[in-house]
Amino acid sequence: MGADLQEFVQHVINGISLGSIYALIALGYTMVYGILQLINFAHSEVYMVGAFASYYAARFFDTKPGFATLVILLFISMTVCSILGVLIERLAYRPLRKAPKLNILITAIGVSLFLQYSAQIVFGADPKVFPTVLEDSTLVKWGEVELRSFDVAILGVGLVFMVGLHYLIHHTKIGKAMRAVSSNSTAASLMGIDINRIISTTFIIGSSLAGVGSVLVGMKYPKIDPLMGMLIGLKAFVAAVLGGIGNIYGAVLGGILMGLSEEMVVGYLSSTYRDAFAFGILILILFFRPAGLLGKASQEKV
Amino acid sequence: MPSPSTPSKMFQKSLVTPVAAMAVLAGLGYVIDVTANQYVQLIFLYICVNTILALSLNLVNGFTGQFSIGHAGFMAVGAYVSAWLSMHAHPMLLSGQLEFLNYILYAAAGGTFAALAGWFVGLPSLRLRGDYLAIVTLGFGEIIRVILLNTEAVGGARGMFGIPSPGDFMTKFLLATFWVMITFLTLWRLVHSVHGRAFLSVREDEIAAQAMGIDTTKVKVRAFVISSFFAGVAGSIFAHAAQYLNPSTFTFTKSVDAIIMVVLGGLGSLTGSVFAAIIVTILPEFVLRPLQEYTGVDLRMVIYSLALILFMIARPAGIFGTRELPDLFKRKAQ
């Protein structure tokens, strides 16, 4: 196998690993959008709080690197994130359920900023080093291509949660209710579905997936700060739009594609504009296929 | 009152208020020039900058019902373009007594480039539902900052030094108030014209507007481009008031400042925006700074964001709602 090909395979591995993190966060955006037609700007801050929660938990319990630590941190981060997600929905979004879309959007921005700047005061604005979750080791070495423990863990954890979400949405009663609310909330409520409960559930699931993403990111890129959510949130949102917002498989596909393309841009072009790249993709999708890759273009009904 | 008969008389009458307002502002400028120190003078220039910024953002967020959250990006485009021009194109233009007139040109050029950027960003995103614009403008604001940080020709991360000044405070203030008047009048006449009705109809009900034969995409893009132009002008005035530019000035925080002004003043009220711009510019200097010294932490953005949430829940219309200042007097007369 040539050196070029080996390099390419390595980029693909890194890209998929980064992409599954984007996918986890994108799922949160897309689920909330599917149910409320709202871009939940605060989602990226939920993710940030999750990272800090697991950071402080790891310091408090003085964890040793290992699989058990990963599970514990995932659990803590998911719990904190879902509580925060539900609180945001209850306190900020629910009073505005019947208000114009613009007002809810402004509130979402407000919540996002509030969390960002409160976090700077509470946690401090300086970056913190995330504790080691897993021992960094090379599991498989194939020429120049390395399969590291981080990437395997990210892929494994990501896959478990995505399959779990699929099961939840398509094979449980609550999943059926979520799909019903997403397709027509008025009709769903006439069928006896408690809309508020479904919305809260959606926030719990979406936020806990962000919590999973935050631990995985902390594991691979161990530097966290209160503004870390903004950029990754933007990219995850682009991923959700790329796949077709409102569609959970689209979010996964979009996330993987975003991760791959970002890794390729950094590997073969330049790392300066890696963040500008996501924006370029967004503009292109909006121009050519605004419904996204897997989304169906829908006509707004009167 | 009886309406004037001929177009020329109507035109003359329409000039009365702005000329009077300009005279009052010039008087105010003279008073500040004589009595206040440089720091306070700079704050007054920033009030002008923020007023233009808030007015322009109100056209998109207030009157057209879209949601832009990257206004600082367009301001940055205007600021850098006009600063670059004033540093490099200066010898080719007027000199001596009339030199200050060049700065109107630089501001217009900065605004034009910002408008082009607005067209580029607005065209794809405004075809869709309003919330896409939010995310696209957010991205745009960040990208502009990254590009500026990496462009050595404008100083990169060090910033841009040695931007020439139009003259003393009085000159700067008159130029700034001139643009405030232009912005206010343009937007006032615009939103009270048939085009303004189109903007409002898009805000109220896009589908109904479409049914009435309004090309909603075109209307939204038009509002957005005009808004970007004036954001660029605000950037230009800022550049020549501060005489130093740095990419870190034009962060998301700056865009949020503008949003706060529009929401506080009232989405869809121009005088409300002016009022809120004055408050939001002065408040950090005289209230929040002492508070910060007292508590030791910077609470400005926390307070702003909380205000944003609370306003949306308790009084989404802002202080003025969609009313304008003259409406208050009209009501008394009845």
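B:Ser125 touches A:Leu286, B:Tyr132, B:Leu133 and B:Val136, leaving aside residues up to four places away in sequence. Two residues are in contact if their C-beta atoms, placed from the backbone, lie within 7 Å. B:Ser125 is found in helix H4 (residues 101-126) of chain B; helices (H or I, at least four residues) and strands (E, at least two) are DSSP runs, numbered from the N terminus. B:Ser125 counts as buried because 28 other C-beta atoms lie within 10 Å. The cut-offs, with C-beta atoms placed from the backbone, are 20 or more other C-beta atoms within 10 Å for buried, 12 or fewer for exposed, and anything in between for partly exposed. B:Ser201 is 76 residues from B:Ser125 along the chain, and their C-alpha atoms are separated by 19 Å.

This is a predicted model, in which local features need pLDDT of at least 70, side-chain atom pairs count only at pLDDT 80 or more, and totals for chains, interfaces and linings use all residues. Residues are numbered from 1 along each chain as its sequence is written, while chains are lettered from A and ligands numbered from 1 in the order in which they are written.

The contact between the chains takes 32 residues from chain A and 32 residues from chain B. On the side of chain B that touches chain A, the elements giving two or more residues are H4, helix H5 (130-149), helix H10 (252-265) and helix H12 (300-314) of chain B. H5(B) supplies the largest share, 12 residues. By class, this side has 24 nonpolar, six polar and two charged residues. Here Ala, Val, Leu, Ile, Met, Phe, Trp, Tyr, Cys and Pro count as nonpolar, Asp, Glu, Lys and Arg as charged, and the others, Gly among them, as polar. The model scores ipTM 0.81 and pTM 0.85.

Chain B has 13 helices and zero strands. Of its 334 residues, 48% count as buried. The C-alpha trace of chain B spans about 50 × 45 × 45 Å along its principal axes. Among contacts in chain B with a separation of 6 or more, 81% are accounted for by residues 24 or more positions apart. H3(B), residues 71-88, reaches 26 Å from its first C-alpha to its last, and 16 of its 18 residues are buried.

The average pLDDT of chain B is 86, and 95% of the residues score at least 70; pLDDT is the predictor's confidence in each residue, from 0 to 100. Within chain B, confidence is lowest in helix H13 (residues 325-333), at a mean of 68, and highest in helix H9 (residues 216-242), at 94.

Chain A contains strand E2 (residues 138-142), which lies largely in the open because the number buried among its five residues is zero. Four bridges join E2(A) to strand E3 (residues 145-148) of chain A, and the two run antiparallel. Strands pair if DSSP finds at least two bridges between them. A:Lys141 stands opposite A:Glu146 in E3(A). The hairpin has two residues between the strands, and A:Gly143 takes a positive phi near 65° there.

Most residues other than glycine have a negative phi, and most peptide bonds are trans.

| Residue | Phi | Loop |
|---|---|---|
| A:Gln37 | about 55° | between helix H1 (3-36) and helix H2 (43-61) of chain A |

A:Gln37 counts as partly exposed, with 15 C-beta neighbours inside 10 Å. B:Gln243 is partly exposed, with 15 other C-beta atoms within 10 Å.

Technical notes
Expected span 1.5 Å × (residues − 1).
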